[in-house]
Amino acid sequence: MRKIGTNCLFLLFMCCIHVTAQKTGKQSSAMSHGENIVYDVYFKWGLIMPRAGEATFSYNRDNSISGASSRYSLHFKTTKFFDNFFKMRDTLTTYYDGGNMLVYSIKMSDEGSYYSVDELKFRNGEENTKIHSRRYTLSKVKIDTTLTAIGNVTDLLGAVYHLRGINRNKLQSGDTFPLTVAIGRDLVKMQFIYQNQSIVERGNIKYNTRYFKIDIFDEAFESTSTSAELWVGDDDNFLPVKVRTKLKIGYAEVYYKNSSNLAHPLKCRIEIKN
């Protein structure tokens with residue numbers, strides 16, 4: 001079960017790539033400090049699709065880490081139903097400096113009988129990025145290594161931070177955006193492929209969106225080609241509205257629930273009149 005939960009979080013983090021490169025240090029105009037966004041997470045097995053958990057993203061000023069000025073955080077918790085057999089309370093926080101370069105991230109995973117911490121420290125050079133990666137539990141250090149990446153590289157949550165910098169008005173069908181994500185001992189390759197404009201309907205609400213297919217080159221997913229699908233709200237916030245992926249056991253789906261203190265009005269949302 002832990003593998004399923006990790007896949008779900010991985011999906012959440014991957015869903016929102018902001019293609020402004022880690023190297024550029026450019027801040028997305030789609031975001032502002034104080035933003036808070038909530039998502040519902042579902043697992044689907046056969047004909048049943050229970051609500052598995054809730055994920056909350058927040059973006060704030062923070063200089064508690066040396067060299068940092070901003071903090072982007074995700075808190076994930078399973079529902080009471082899922083707590084009965086697989087409880088998760090995960091927190092991931094990513095810190096950026098004044099130039100908006102990623103400097104440090106920490107993921108704390110509390111899954112009942114299993115607790116672990118993942119730390120990544122980024123050192124950005126002109127030719128590559130060095131990442132010191134550590135994973136430890138209450139009893140031992142499980143990973144302590146240095147990774148070297150070239151090009152667009154980030155951590156899991158930094159991936160969320162990165163998609164929303166795309167100029168959606170310049171997107172053309174087939175546009176591809178590659179990224180490398182540091183996870184433990186691995187550098188996971190992925191790419192976003194823009195498809196077209198699309199409508200997402202949920203309950204009595206419709207959303208105008210931009211639709212992407214996502215290739216993720218990781219064994220957690222059923223295939224690398226179209227490992228996931230992503231629908232991003234077609235307005236100046238450019239926030240994810242829906243994500244869907246096929247896992248080795250069933251499907252995972254993520255839906256936008258609510259938000260506060262967005263940088264722009266949520267114009268992509270259209271209420272359906274009965």
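How exposed is aspartate 83, in terms of relative accessible area? Aspartate 83 is partly exposed, with a relative accessible area of 22%, where buried means under 20%, exposed over 50% and partly exposed in between (1.4 Å probe, protein chains only). The model examined here is predicted, so local features need pLDDT of at least 70 and side-chain atom pairs count only at pLDDT 80 or more, while totals for chains, interfaces and linings use all residues. Residues are numbered from 1 along each chain as its sequence is written, and side-chain values use heavy atoms, with hydrogens and water left out.

We turn to the charged pairs. The side chain of aspartate 83 forms a salt bridge with that of arginine 89 (2.9 Å, N to O); the term denotes a side-chain nitrogen of Lys or Arg within 4 Å of a carboxyl oxygen of Asp or Glu. Arginine 89 is likewise partly exposed, at 30%. By this rule the model holds 14 salt bridges. Another of them joins arginine 168 to aspartate 234 (2.6 Å, N to O). Arginine 168 sits in the loop between helix 3 (156-161) and strand 10 (176-183), and aspartate 234 in the loop between strand 13 (228-233) and strand 14 (240-246), so the pair ties together parts that are 66 residues apart in sequence. Helices (H or I, at least four residues) and strands (E, at least two) are DSSP runs, numbered from the N terminus. Both arginine 168 and aspartate 234 are buried.

A further salt bridge links glutamate 54 and arginine 51 (3.3 Å, N to O). Glutamate 54 counts as buried at 19% relative accessibility, whereas arginine 51 is partly exposed at 31%. These two residues belong to a network of salt bridges together with Asp40 and Lys257.

Tyrosine 255 lies in strand 15 (residues 251-260) and is buried, at 10% relative accessibility.

Finally, the nonpolar cores, each a set of buried Ala, Val, Leu, Ile, Met, Phe, Trp, Tyr and Cys residues joined through side-chain atoms within 4.5 Å, deserve a look. The largest has 52 residues, and Ile131, Phe212 and Leu230 have the most contacts inside it. Strand 12 (residues 205-216) gives the most to this core, with 6 residues. A second, separate core of 6 residues includes Tyr95, Tyr104, Ile106 and Val117.
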